[in-house]
Amino acid sequence: RDGSLQYVHTSSWGLTTRIIGGLIMAHGDDDGINLPSEIAPYHVVIIPIIKDDSSADKVLEYCNRLKDACPKTLRILVDKKETQAQNKKWDYVRKGVPFICEIGMKDLEKNYVFFTKRSENLKKESISFDEFVASIENMLAGHDETLLNKNRNMALGKINKTVTTFAELKEFFSRNENGFVIAKWSNTNENLELLDELGVTVRCLPLEQSGTSGECVLTGKDATLDAVFAKAY
């Protein structure tokens, strides 16, 4: 308005495709998507395993009783579709349901629950009815913690904080296509063209700065600002 440079203040309250893409990248695996409990379509899916008509009512009653006994805050589905149980199971594995129960007459007779843990490489477990009901909320918390630690460790494993010169920066990105470097930057346009040959840009400035001093990896001048360098795709 007055001819001076001013920063624009904007906000967005929508869910962007980038967020969805980042979610899939972070939580996708060879079996589909492995979702945190907050956004999973269901927390628990119960699949009745019915071998013959004579056991159908008993198995369905047990499945419904299991659902009703669990905390009401959980999203639980008893899948009664007339589809092969194995196909139903893999459908929910692909959709990222944390716990998939498969209940048949043997489980009913023992008063047990047989289930698959999505966050633990589809590990199978069988525990008593009462133990499952009492521990499902803690198991969901453990599911989320497993996913968080897995992704945190993966992200931290791709970050290099030892680079202090442009030569080291160049050498790192010649070996690592998808890594990150956190290094000192003078926060100026000086020598930014050096990054062009590497296909690298300054991606962001970490909110948590180290508070240390060093030399800018592009200019060699004194710098205190930590910046993230990476390739853009």
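**Notes on a predicted model**

1. Let's start at one residue, N160. Setting aside neighbours within four places in sequence, N160 is in contact (heavy atoms within 4.5 Å) with F172, F180, V181 and I182. N160 sits in strand β8, residues 159-160; here helices (H or I, at least four residues) and strands (E, at least two) are DSSP runs, numbered from the N terminus. With a relative accessible area of 17%, N160 is buried; that word stands for under 20% relative accessible area, with exposed meaning over 50% and partly exposed in between (1.4 Å probe, protein chains only).

2. A word on what you're looking at. This is a predicted model, in which local features need pLDDT of at least 70 and side-chain atom pairs count only at pLDDT 80 or more, while totals for chains, interfaces and linings use all residues. Residues are numbered from 1 along each chain as its sequence is written, and side-chain values use heavy atoms, with hydrogens and water left out.

3. Now the sheet. An open sheet is built from 5 strands in the order β4-β3-β5-β6-β7, with mixed pairing; two strands pair if DSSP finds at least two bridges between them. The edges belong to β4 (76-78) and β7 (123-128), and since each has a single partner strand, one side of each is left without a neighbour in the sheet. On average, neighbouring strands of this sheet are turned by 25° against each other, direction ignored. For that angle and those below, axes are lines fitted to C-alpha atoms (for helices, over the stretch in contact), and angles run from 0 to 180 degrees between N-to-C directions.

4. How do the strands run along each other? Strands of a sheet pair through backbone hydrogen bonds, either parallel or antiparallel. Both kinds turn up here: β3 and β5 pair in the parallel sense over 5 bridges, with I46 opposite C101 in β5. On to the next pair: β5 and β6 are antiparallel, joined by 3 bridges, and C101 stands opposite F115 in β6. Strand β6 (residues 112-117) is also antiparallel to β7, with 6 bridges between them, and T116 stands opposite K124 in β7.

5. Two helices pack on this sheet. Helix α3 (residues 85-95) touches β3 (44-48), β4, β5 (99-103), β6 and β7, and its direction makes about 170° with that of β3. Helix α5 (residues 129-156) touches β3, β5, β6 and β7, at about 140° to the direction of β7.

6. Is β5 covered or open? It is mostly covered, as 5 of its 5 residues are buried. Both faces are covered: F99, C101 and I103 are buried on one side, and I100 and E102 on the other.

7. Next, the cores. A nonpolar core is a set of buried Ala, Val, Leu, Ile, Met, Phe, Trp, Tyr and Cys residues joined through side-chain atoms within 4.5 Å. The largest one has 22 residues, of which I46, L66, F132 and I136 touch the most other members. At least two residues each come from β3, α2 (53-69), β4, β5, β6 and α5, and α5 gives the largest share, 6 residues. If you click on I46, residues up to four places away in sequence aside, you'll find C63, L66, K67, I76, L77, V78, D79, C101 and I103 touching it. There is also a second, separate core of 17 residues, with A183, V217, L218 and A223 among its members.

8. How do α2 and α5 meet? Their axes come within 10 Å and cross at roughly 35°. The residues that meet are Y62, R65, L66 and A69 in α2 and F129, F132 and V133 in α5. By class, this contact has 6 nonpolar, no polar and 1 charged residues, where Ala, Val, Leu, Ile, Met, Phe, Trp, Tyr, Cys and Pro count as nonpolar, Asp, Glu, Lys and Arg as charged, and the others, Gly among them, as polar.

9. Two more residues to look up. N151 lies in helix α5 and is buried, at 16% relative accessibility. Beyond its neighbours within four places in sequence, N151 is in contact with A26 and H27. L194 lies in the loop between β9 (180-185) and β10 (200-204), and it is partly exposed at 25% relative accessibility. With neighbours within four places in sequence left aside, L194 is in contact with F166 and L218. The C-alpha atoms of L194 and A69 are separated by 63 Å, with the two residues 125 apart along the chain.
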